Amino acid sequence: MFFLSVIEHTLRLPPHLLSLPLKEAIKGELETLFLDKVISSLGLCVSIYDIRSIDGGFIFAGDGASTYTVVFRLIMFRPFVGEILVGKLKSSDANGLRLSLGFFDDIYVPVHLLPNPSHLLPDPDNKHGVRWTWEFQEEQFPIDGKDEIRFRVHSINYPSIPVEQEKEAKPFAPMVITGSLDYDGLGPISWWV
Amino acid sequence: MKIQEPNAGALTNFEVLEFLRSKGASKDPTRVIAPVAPSEFKVYDYLVQSAASNQTKQSIHEFLNRCEKYDLAKAEKLNILNIRPSSVVEIDPIIEECEKRMGSEVVEELVEMVIQVLPPPPGQVKPDEAADEDNEEIPDQEQMETN
């Protein structure tokens, strides 16, 4: 689920960082630029792994800062299609489930990828809530938030930033994972243990 | 920004956790002093309660050596390390066409090997220890009754 990616970036180092060692200053700048951000088709940046080379230090005319070309490696969160991940239930509604890994929340399991046949039943613990329940050999297996849920990565999408967004629309997510529970061994861990 | 190499190698959960530990994520209870970003702490929190938290370099090397004969793809090995399946039904979705490729006996053998080599995740008691606890509880109850 984690991969390394090599990135080259031309970076302007503001002069107030001149007192720091060069490597430290550049690392700090890179962290503010990349950490916890999604790079389209590369995934979510978790951490700066190492800095491979620092070149340049050129000062452009009329600019009070030096510019460096840095080559570095990032740890990216980018699951591959077909990978099995473990997450927690964040919410469930008529469209399916939303799962969370703690550091990444945009994982959706649509209705057609839930175990078949599944039914939407009212949640006995929460008056306004609903809960998906898998029916297997006349037994009910509810998907509640009690234990961790295993899911298979069905697809990963990087939607482009919308030009205009409706007022009621849910917040824009730059990386969306579609998960599937429709296979033996997937779903809440307590189903199978 | 220029992407030189989008895929310069995969990392297991254990390697990412070790990296965050080496930055000092586990030593700082206040979470302010160590040079670790809040987003990195979130990843750390996720990994520390996963199967990776008790793994060691030796156990991973041993697993990789011993699973060579099963002819698994790299991604499947990686996924087994990250999930640590402890039963046949748990390993089934990880390995593509499990039954066809290996046959049920070999799969069982593989699961046995995984349980033996890789340590269980935190919060999950080893099966023998749980059994021991059950045994201990029964005499206690009897004593209570006689008292």
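Analyst: In this predicted model, the lining of the largest cavity is made up of A:Asp36, A:Leu44, A:Cys45, A:Val46 and A:Phe103, together with B:Ser39, B:Lys42 and B:Val43. By class, five of the lining residues are nonpolar, one is polar and two are charged. The space inside the largest cavity comes to about 50 Å³. Searching the whole structure turns up one cavity of 30 Å³ or more.

The second largest pocket can be described in the same terms. About 430 Å³ of space lies in that pocket. Its lining has 17 residues, and those nearest the centre are B:Ala10, B:Thr12, B:Glu15, B:Leu64 and B:Leu78. Two or more lining residues come from each of strand 2 (10-11), helix 1 (13-22), helix 3 (57-66) and helix 4 (74-83) of chain B. Helix 4 of chain B makes the biggest contribution, giving five residues to the lining. Ten residues of this pocket's lining are nonpolar, two are polar and five are charged. The second largest pocket lies between domain 1 (13-53) and domain 2 (56-117) of chain B, because both domains give residues to its lining.

Conventions: Residues numbered from 1 in each chain as written. Chains lettered and ligands numbered in written order. Predicted model: local features only at pLDDT ≥ 70, side-chain atom pairs only at ≥ 80, totals over all residues. Heavy atoms only, no water. 1 Å grid on protein atoms, 1.4 Å probe; cavity = no way out; pocket = protein on both sides within 12 Å on 5 of 7 lines; lining within 4 Å. Points joined across faces, edges and corners; volume = space filled by probe spheres on them. Helix = DSSP H or I, 4+ residues; strand = E, 2+ residues; numbered from the N terminus. Nonpolar A, V, L, I, M, F, W, Y, C, P; charged D, E, K, R; others polar. Domains from an automatic or database assignment.
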